[in-house]
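Subject: Structure handover

Hello,

Here is the structure I said I would pass on. My notes on it follow below.

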Amino acid sequence: MSKIKTAFFCSNCGYESAKWLGKCPGCAQWNTFTEEVLQKGGQQEVKWDGYHPEKKGSRVIALEAVSAGEEKRIVTKDPELNRVLGGGIVPGSLVLVAGEPGIGKSTLFLQNGLLANELVVLYISGEESEQQVKMRADRLKIVNPNFYLLTETATQTIFQEIKKLKPQLVIVDSIQTLQSNLIDSSAGSVSQIRECAAEFHRFAKETGTPVFLIGHITKDGAIAGPKILEHMVDTVLQFEGDRHYVYRILRTLKNRFGSTAELGIYEMTGEGMRTVSNPSEILIAQREEQLSGSAIAATIEGMRPLLVEVQALVTQSVYGTPQRTVTGFDLRRLQLLLAVLEKRGGFQFGMKDVFVNIAGGIKVEDPSLDLAVICALLSSYEDIPLPQHICFAGEVGLNGEIRAVNRIEQRIAEAEKLGFEKIIVSQYNRKSFNPKSFRIEITPLGRVDEVYRQLF
């Protein structure tokens, strides 16, 4: 019998130590080390020799001899998933998908697995029974004879079934529920997550089979498990959204085969996730009448232009300390913009309560939102509605100047497509577009006070 080996792991970041430590050297947290039993040597790792007849063996090759062609991709029937993956699923890739409980991760990838009827798909469920998965599949109303289900948590049993079926796509729900008999610790522990992910990593790379790992997140919003889990995988996707809204956003946090700035938008329905092809029309609320404190911003998320509605409310503070409340926007950015308005514009926000909301329940980090936020604040401050068919695109600096933003032509084209008659941009963007190629009126301005005089 092999000797039992123990090690100490940080439950916050996964740092490994031979002895217990009070403070973790990796994340500087206190009292996070727990002892786990490692029992290597009693079992054999799964070998994948001969699984894929076209898979080449390991050999040394000169860099110049490597062909730099495009990666072959499996194009799914979900255009939003194709977008965030960089054009489709790369064979042999390992994709980690994380999100809050109940946000729709299992529904989204069960739906994508059922839609891939040209592939042999294996869905491994460690959290739900076969009957529960069947009930969800019946709600989706998608039939796929090549879709197979396995409810198992032991990785050795899973790989034995994989060898029999030889699937072309594997979906694991979730990585935190799996347990390898190579390590003698409970499922969900740092060492188990690391070992199970490593086994699926070896399987994906040696067989050329793409694998989706669905993962949990902690109460802080970080992906549960050791940080090495995110380093091991090829792509990390974050599925987010407010459960009180029907819209969900799939963001790319890491992608070795494409851009990390992409996002996909879905609408949660009773029959699964519906892709939203034109989110600008949905994110802009239908306004029957003109109300103060509302402005439209032309933003860019990845390669996609979006028009979002910024709502602001400025009221007299009843309490001693004024409130600053934001939804979908950075609070520190709002405080910076309020300081610019006070210093450069002379507006007294010091004794005012300020509330800012991005309509639709999404979060926007594009700095071009600054100009729309300032115009919405001024509109609510003066209680004067902005013109209904006007939108904004510009970053605001500390001196009150309106700075240029990237890809201005795409923003202008999106505003024109949705019927806007005027867009205010930075005067430093003049060289980036040709006004004659657009029918929309383009007004370049240089400072915040110029925007105030133009609108009010």
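Helix H8 passes helix H9 in a right-handed crossing. H8 covers residues 331–345 and H9 covers residues 370–382; their axes come within 11 Å and cross at roughly 60°. That angle makes H8 oblique to H9. On the H8 side the contact is made by Arg333, Leu334, Leu337, Leu338 and Leu341, and on the H9 side by Asp370, Val373, Ile374, Leu377 and Leu378. By type, these residues are eight nonpolar, no polar and two charged.

Please keep in mind that this is a predicted model. The mean pLDDT of the protein is 87, and 93% of the residues score at least 70. Where pLDDT is low, predicted coordinates should not be read in detail.

H9 has a further helix contact, with H11 (residues 448–455); the two axes come within 11 Å and cross at roughly 50°. H9 is therefore oblique to H11, and the crossing is right-handed. Leu371, Ile374, Cys375, Leu378 and Glu382 of H9 meet Val448, Val451, Tyr452 and Leu455 of H11. This contact divides into eight nonpolar residues, no polar ones and one charged. Ile374 and Leu378 of H9 are listed in the contact with H8 and also in the contact with H11.

Ile296 stands opposite Cys391 of E17.

The nine-stranded sheet

There is also an open sheet of nine strands, again with mixed pairing, whose order is E6-E5-E7-E8-E4-E9-E10-E11-E12. Its edge strands are E6 (147–150) and E12 (272–275), each of which pairs on one side only. The average twist between one strand and the next is 25°. E4 (residues 94–99) and E9 (residues 235–240) pair in the parallel sense over five bridges, and Leu96 has Val236 of E9 as its bridge partner.

Helix H2 (residues 105–115) packs on this sheet, and the strands it touches include E4, E5 (121–125), E7 (169–173), E8 (211–215) and E9; the direction of H2 makes about 165° with that of E8. Helix H4 (residues 155–165) lies across E5 and E6 and runs at about 165° to E5.

H4 packs against H5 as well, at an angle of about 15° and with the axes 11 Å apart. The two helices are therefore roughly parallel to each other, and H4 passes H5 in a right-handed crossing. Thr155, Gln156, Ile158, Phe159 and Ile162 of H4 meet Cys196, Glu199, Phe200 and Phe203 of H5. Here the division is six nonpolar, two polar and one charged.

Points in the loops

- Ser174 is in the loop between E7 and H5 (190–207). A cis peptide bond joins Asp173 to Ser174, with omega about 5°.
- Ala28 lies in the loop between E2 (16–17) and E3. Its phi is near 65°, a positive value in a residue other than glycine.
- Asn278 sits in the loop between E12 and H7 (279–283). Apart from its neighbours within four places in sequence, Asn278 is in contact with Glu414 and Leu418. Asn278 and Arg304 are 26 residues apart in sequence, with a C-alpha to C-alpha distance of 9.7 Å.

Regards

Key. Residues are numbered from 1 along each chain as its sequence is written. This is a predicted model: local features need pLDDT of at least 70, side-chain atom pairs count only at pLDDT 80 or more; totals for chains, interfaces and linings use all residues. Side-chain values use heavy atoms; hydrogens and water are left out. Axes are lines fitted to C-alpha atoms, for helices over the stretch in contact, and angles run from 0 to 180 degrees between N-to-C directions. Helices (H or I, at least four residues) and strands (E, at least two) are DSSP runs, numbered from the N terminus. Angles under 35 degrees count as roughly parallel, over 145 as roughly antiparallel, 65 to 115 as roughly perpendicular and the rest as oblique. A crossing is left-handed if the near helix is turned anticlockwise from the far one by less than a right angle, and right-handed if clockwise. Contact means heavy atoms within 4.5 Å. Ala, Val, Leu, Ile, Met, Phe, Trp, Tyr, Cys and Pro count as nonpolar, Asp, Glu, Lys and Arg as charged, and the others, Gly among them, as polar. Two strands pair if DSSP finds at least two bridges between them. pLDDT is the predictor's confidence in each residue, from 0 to 100.
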